[in-house]
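Colleague: Before I rely on any label attached to this model, I would like to hear which criterion stands behind each one. Could we go through them in turn?

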Amino acid sequence: MAAAAAAGGAGPVAARELFAEGLLQFLRPAVRQLDGHVHAVRESQVELREHIDSLAAELCRINEDQKVALDLDPYVKKLLNARRRVVLVNNILQNAQERLRRLNHSVAKETVRRKAMLEASGGYPQGLPGK
């Protein structure tokens, strides 16, 4: 409410707008950082899936080349199960990243909208940065 008083008596609407804009400015870097981390984890998941595929293929090749019958099938199945879980986690991360992207887009749109409203209503209160 002190911001509203500093705004020359503009009222609680101006204070609420300033708070909302500040909140959006606060959230934007966190959303971008989280998006970057999700992207890095997804890349690592793809690499892990490729390594699992390679290892499973190598185990199958070793199993076929062995003169002594070794039962590597349970290990291959475990690797394929791990690969399935990696793919599942990757899909979850992809969905989360898409939601983060949409959230970041919404924050940017809302920031632009709020700045336009503030500028249309006479600009920012005195003593606060305008842009």
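**Labels and the criteria behind them**

Modeller: Let me begin with Val-31, which is found in helix H2, where a helix is a DSSP run of H or I with at least four residues, a strand is a run of E with at least two, and both are numbered from the N terminus. This is a predicted model, in which local features need pLDDT of at least 70 and side-chain atom pairs count only at pLDDT 80 or more, while totals for chains, interfaces and linings use all residues. Residues are numbered from 1 along each chain as its sequence is written, and side-chain values use heavy atoms, with hydrogens and water left out.

Colleague: What makes Val-31 count as buried?

Modeller: Its relative accessible area is 9%, and buried means under 20%, exposed means over 50% and partly exposed lies in between, all with a 1.4 Å probe and protein chains only. Val-31 is therefore buried at 9%.

Colleague: Which residues does Val-31 touch, once residues up to four places away in sequence are not counted?

Modeller: Under that exclusion Val-31 touches Leu-100, Leu-103 and Asn-104, a contact being heavy atoms within 4.5 Å. Val-31 and Leu-103 are 72 residues apart in sequence, yet their C-alpha atoms are 7.8 Å apart in space.

Colleague: And why is Arg-28 called buried?

Modeller: Arg-28, which lies in helix H2, has a relative accessibility of 12%, so it counts as buried. With residues up to four places away in sequence again left aside, Arg-28 touches Asn-104, Val-107, Ala-108 and Thr-111.

Colleague: How many helices and strands does the protein have?

Modeller: The secondary structure comes to 3 helices and 0 strands, and from the N terminus on the elements run α-α-α.

Colleague: Why is H2 described as roughly antiparallel to H3?

Modeller: The axes of H2 and H3 come within 7 Å and cross at roughly 160°, where axes are lines fitted to C-alpha atoms, for helices over the stretch in contact, and angles run from 0 to 180 degrees between N-to-C directions. Angles under 35 degrees count as roughly parallel, over 145 as roughly antiparallel, 65 to 115 as roughly perpendicular and the rest as oblique, and therefore H2 is roughly antiparallel to H3. The crossing of H2 and H3 is also left-handed, a term used if the near helix is turned anticlockwise from the far one by less than a right angle, with right-handed used if clockwise.

Colleague: What makes the pairing of Arg-83 with Asp-53 a salt bridge?

Modeller: A salt bridge is a side-chain nitrogen of Lys or Arg within 4 Å of a carboxyl oxygen of Asp or Glu, and for Arg-83 and Asp-53 the closest N and O atoms are 2.4 Å apart, so the pair meets the criterion. The pair links distant parts of the chain, with Arg-83 in helix H3 (residues 73-120) and Asp-53 in helix H2 (residues 12-65), 30 residues apart. Arg-83 is partly exposed because its relative accessible area is 26%, and Asp-53 is likewise partly exposed at 29%.

Colleague: Which salt bridges does Glu-110 form?

Modeller: The side chains of Glu-110 and Arg-113 meet in a salt bridge at 2.5 Å, N to O, and both residues lie in helix H3, 3 residues apart, about one turn of the helix. Glu-110 also forms a salt bridge with Arg-114 at 2.8 Å, N to O, and this pair, too, lies in helix H3, 4 residues apart.

Colleague: How much of the protein is buried?

Modeller: Buried residues make up 24% of the 131 residues. The protein exposes about 9300 Å², of which carbon and sulfur atoms supply 60%, with accessible areas taken from the Shrake-Rupley method with a 1.4 Å probe and, for residues, only the protein chains shown counted as cover. Among the contacts with a separation of 6 or more, residues 24 or more positions apart account for 74%.
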